[in-house]
Amino acid sequence: MNIVWFKRDLRIEDHDPFFTACQSGNVIPLYIVEPELWSQPDASRRHFHFIHDSLLDLDRSLQKYGAKLIIRTGDVIRVFEDIFQNLGAFTLWSHEETGNAWTFKRDVAVAKWCKSHSIIWHEFPSNGVVRRLKSRDNWSGLRNMRMQNAIIPPPAFIPLFNHINSEPIPFKEDPLFGKRIEGTTQSGGRSEALKTLHSFLKERSGRYMFTISKPGASARHCSRLSAHIAYGTLSVREIEQATKKRIQDLENIGDPESKNLIYNLSAFLSRLAWRCHFVQKLEQQPEIETQCMHPSFEGMREPHFREDYFQAWKNGTTGYPLIDACMRSLIQNGWITFRMRAMLVSFASYDLWLDWRKTAPYMAGLFTDYEPGIHYSQFQMQSGVTGMNAIRIYNPIKQSVDHDPEGKFIRRYVPELKNIPLTFIHEPWKFENSSKHYLEPIVDHQKAIQYAKEQLSERRQTDGFKEGARSTHKKLGSRQSPVKKPKPRVEDDRQMSFDF
Ligand SMILES: Cc1cc2nc3c(=O)[nH]c(=O)nc-3n(C[C@H](O)[C@H](O)[C@H](O)COP(=O)(O)OP(=O)(O)OC[C@H]3O[C@@H](n4cnc5c(N)ncnc54)[C@H](O)[C@@H]3O)c2cc1C
């Protein structure tokens with residue numbers, strides 16, 4: 001008897017553990033709803049909404065083979081113990097998971113339980129993340145090799161283990177999944193993932209890099225595959241190979257429009273590689289979820305925490321129109337583009353001097369695509385506590401003028417500013433009787449970041465800072481881009497970081 005434990009890999013295509021398990025004997029495809037996972041501070045009902053759609057779709061795929069997804073609710077070890085007691089010994093198959101500290105500890109406990117019951121647990125690599133990597137120097141070569149390997153087809157036949165009942169897939173409204181969410185959530189599931197990939201490669205990518213930093217248009221022209229990657233309805237290898245195939249076809253056409261698409265799709269490929277790079281960091285150093293990558297920054301913000309600032313940031317009521325519009329749009333839609341995520345974190349960390357450990361779990365709950373490896377690394381980078389990255393402080397007024405020049409996005413999400421003249425949309429406090437129209441800015445940006453810069457530079461001058469930064473870079477820093485970088489032709493999210 002083989003149990004295939006589905007976690008953040010909700011598909012049967014390019015699924016090595018499922019394919020191999022089907023070749024070795026009768027299979028139980030199992031998904032476990034873990035109540036304790038859903039009570040963690042970074043979990044949210046929004047994640048479950050996406051998972052719910054994906055489980056339904058996974059079940060539909062299995063039904064085509066006469067199989068069924070088995071659902072169990074409870075602590076994983078209790079679920080396995082129950083199966084073991086009632087049905088006998090089994091072999092366990094899954095992908096390696098690089099999740100938060102809670103899933104890491106859970107997997108350690110599962111490994112111990114397996115050992116004590118003489119159960120073999122086959123864990124297969126997931127995407128480009130290399131477990132027990134000896135040196136970061138070899139990583140990109142290993143990752144790229146994996147991306148070139150052939151995609152694993154779904155099994156031709158699923159040998160079923162029939163003597164097990166399933167619970168139903170929980171409802172989206174089940175109280176287990178925490179607070180009600182406001183707004184909508186991107187639909188999950190393999191079929192949606194394929195449609196999204198197809199429309200990006202065929203139609204939407206032509207304006208990808210041009211709109212990637214625009215809070216409004218990016219929602220259509222970015223790939224929108226992040227949640228699908230986070231929950232594994234598509235593998236990164238599938239996406240990468242489909243993109244390369246599309247680039248190859250376009251190269252054969254060779255007209256200006258094809259060249260434009262190739263430029264955009266190459267930039268997209270770099271981001272897929274960044275994804276694996278960031279998750280690899282968490283794989284190698286799980287502590288980055290709770291500790292600053294550079295220890296010199298510990299204790300810098302924590303004692304100065306202001307609950308009123310935190311609430312204003314969380315609710316989109318800081319008085320800075322673009323900050324508030326972005327936060328409200330995120331609450332509403334569960335997604336916002338990279339630059340606006342970075343700006344929201346920069347504002348929380350520098351202007352409001354909030355510690356990233358307070359802000360990161362809140363935003364994790366808002367993002368449908370929450371991926372701990374990217375999330376915590378990015379929070380640390382955008383808060384200036386890695387010691388190895390340049391400090392990036394975003395000016396919310398400049399971002400607003402640059403990326404929402406006509407204030408359309410602001411007016412949409414901050415209806416209080418609907419009728420304010422365009423001249424004042426980015427700085428409504430300059431309009432006559434401004435307090436009648438909108439909130440006063442919560443802090444003065446220039447003064448706030450002056451303080452932040454002084455604090456950071458004090459920390460950077462402490463003894464041993466450079467050595468600490470070098471050792472973090474050796475362990476976690478990027479060596480080279482795993483794919484050839486296209487020359488930036490328009491502003492993209494690697495540029496314009498220093499707009500103090
Ligand atoms: C503070 C902060 C937190 C973030 N948290 C997450 C998160 O929890 N989950 C998440 O998937 N992304 C996160 N990102 C990265 C990025 O914003 C999103 O991946 C991207 O906006 C998702 O939209 P997309 O799929 O349309 O991206 P595209 O631009 O179409 O990119 C394709 C894929 O590449 C990867 N990717 C894109 N940008 C980055 C990046 N800068 N770093 C690493 N991988 C990247 C993602 O998997 C993405 O789906 C975060 C960024 C910041 C600044």
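Mentor: The model is predicted, so local features need pLDDT of at least 70 and side-chain atom pairs count only at pLDDT 80 or more, while totals for chains, interfaces and linings use all residues. Residues are numbered from 1 along each chain as its sequence is written.

Trainee: Is S118 buried or exposed?

Mentor: A residue is buried if 20 or more other C-beta atoms, placed from the backbone, lie within 10 Å of its own, exposed if 12 or fewer, and partly exposed in between. S118 counts as exposed because it has 7 such neighbours. W353, with a positive phi of about 55 degrees, lies in the loop between helix 14 (338-351) and helix 15 (356-366), and counts as partly exposed because it has 19 C-beta neighbours inside 10 Å.

Trainee: How many residues surround the ligand, and which element gives the most?

Mentor: A residue is near a molecule if its C-beta atom, placed from the backbone, lies within 6 Å of it. Here 27 residues surround the ligand, the closest being C222, S223, S226, R271 and Q378, and helix 11 gives the most, with six residues. Domain 2 (190-282) and domain 3 (288-476), whose bounds come from an automatic or database domain assignment, both give residues to this shell, so the ligand lies between them.

Conventions. Helix = DSSP H or I, 4+ residues; strand = E, 2+ residues; numbered from the N terminus.
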